[in-house]
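Welcome! Take a moment with the sequence and the 3D view, and then let us walk through them together.

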Amino acid sequence: GLTAMNTKMNSEEDQPLHVKSGVVYKNTSDGIDLHLDLHYPVSQPSIDAKYPVVVYTHGGGYCGGSHKLHGGMSRAAHGLVKSGFCVVSVEYRLKNKEYNLDVLIRDCVIDAKDAIRYLSKHPSLCVDVDRLFLFGDSAGAQIAMVLLLSPPDSLPGAAELAGHQYTTIAGVSWYGPCDYQKKQLFSPDGQSNCRDRWRQRIFPRGTNPAQKKQMCREISPINYLTKDSPPLLMIQGDKDTTIPVHHAHYMKERADELGAPVDILIVKNAGHNFRRIDPGKKVP
């Protein structure tokens with residue numbers, strides 16, 4: 001259910017973030033309630049208010065992380081809210097004991113899609129789902145890119161949220177993967193003989209080769225690119241060994257072939273999470 005509006009002080013800025021927290025948008029087949037938090041520009045939105053909305057999906061390798069904002073994400077949300085946006089941070093299922101060890105990346109994407117469908121279904125939340133922006137980091141950036149680029153009806157989820165539409169305007173990826181079919185993109189040296197550390201998060205054991213290919217394609221943002229795609233900005237560190245910079249360059253190359261609006265920003269001497277890597281030192 002909906003909880004009362006709370007006002008949270010941002011530790012980095014002496015300004016309030018007005019948060020409606022703990023909104024249950026979905027109950028999974030495992031009986032798990034999934035929540036979202038809405039961060040508004042004002043403490044009490046008027047009933048006819050319609051704020052442009054930024055949906056944020058957190059990182060954590062689909063196994064960890066939290067939709068509760070902190071650090072750089074809290075600062076980013078503060079700037080967006082101050083500019084008149086409502087920032088919605090989304091909880092999705094994770095592949096761990098707290099949620100379910102059988103969770104796949106596809107489930108994470110569907111949960112986040114259902115969160116947007118919930119926003120569309122409930123106009124009383126005062127967000128304009130026809131002015132919808134996406135933002136995520138790492139695993140959450142992959143989710144954000146799929147949400148941005150794929151049609152609203154794709155990857156169907158909860159039956160009670162089916163058919164609710166929205167319009168994506170633009171998105172930002174912080175060091176997100178673009179293609180799970182190309183193993184070499186995950187290797188810092190670009191070699192295809194690297195260990196595939198993602199397979200257990202993409203498909204269950206016993207999946208046949210044709211199904212594996214389809215499941216990889218379905219969660220790979222690059223496969224949703226068209227010349228009519230909404231604009232996407234990918235920001236990537238050039239020393240990132242977790243999600244190497246190859247992802248940004250490969251997505252840009254494909255976008256240019258299609259005439260899709262993708263820009264990339266490469267941060268020099270930056271690893272994953274944009275942590276500083278001193279020039280000349282070995283990347284960990």
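## A pair in helix 6

In this predicted model, Asp256 is partly exposed, with a relative accessible area of 48%. Its salt-bridge partner is Lys252, with 3.2 Å from N to O. Lys252 is partly exposed too, at 22% relative accessibility. Both residues belong to helix 6 (residues 246-258), where they sit 4 residues apart, about one turn of the helix.

Helix 6 also holds Arg254 and Glu257, 3 residues apart and again about one turn of the helix. Their side chains form a salt bridge at 3.0 Å, N to O. Arg254 is partly exposed at 34%, while Glu257 counts as exposed at 61%.

Now turn to helix 2 (residues 105-121), where Asp114 and Arg117 are 3 residues apart, about one helical turn. A salt bridge of 2.9 Å, N to O, joins their side chains. Asp114 is buried at 0% relative accessibility, and Arg117 is buried at 3%.

This pair is part of a network of salt bridges that links Lys26, Arg93, Asp111, Asp114 and Arg117. The structure holds 12 salt bridges.

## The whole protein

Stepping back, the protein has 6 helices and 9 strands. Its radius of gyration is 19 Å, close to the 19 Å that the globule rule gives for 284 residues, so the protein is as compact as a globular protein of that length. Buried residues make up 52% of the 284 residues.

Among contacts between residues at least 6 apart in sequence, 72% join residues at least 24 apart. The protein exposes about 13,000 Å², and carbon and sulfur atoms supply 51% of that area.

Conventions: Residues numbered from 1 in each chain as written. Predicted model: local features only at pLDDT ≥ 70, side-chain atom pairs only at ≥ 80, totals over all residues. Heavy atoms only, no water. Helix = DSSP H or I, 4+ residues; strand = E, 2+ residues; numbered from the N terminus. Rg over C-alpha atoms; globule rule 2.2 N^0.38 Å. Buried < 20%, exposed > 50% of the residue type's maximum accessible area, 1.4 Å probe, protein only. Contact = heavy atoms within 4.5 Å. Areas by Shrake-Rupley, 256 points an atom, 1.4 Å probe, with all protein chains shown as cover. Salt bridge = Lys/Arg side-chain N within 4 Å of Asp/Glu carboxyl O.
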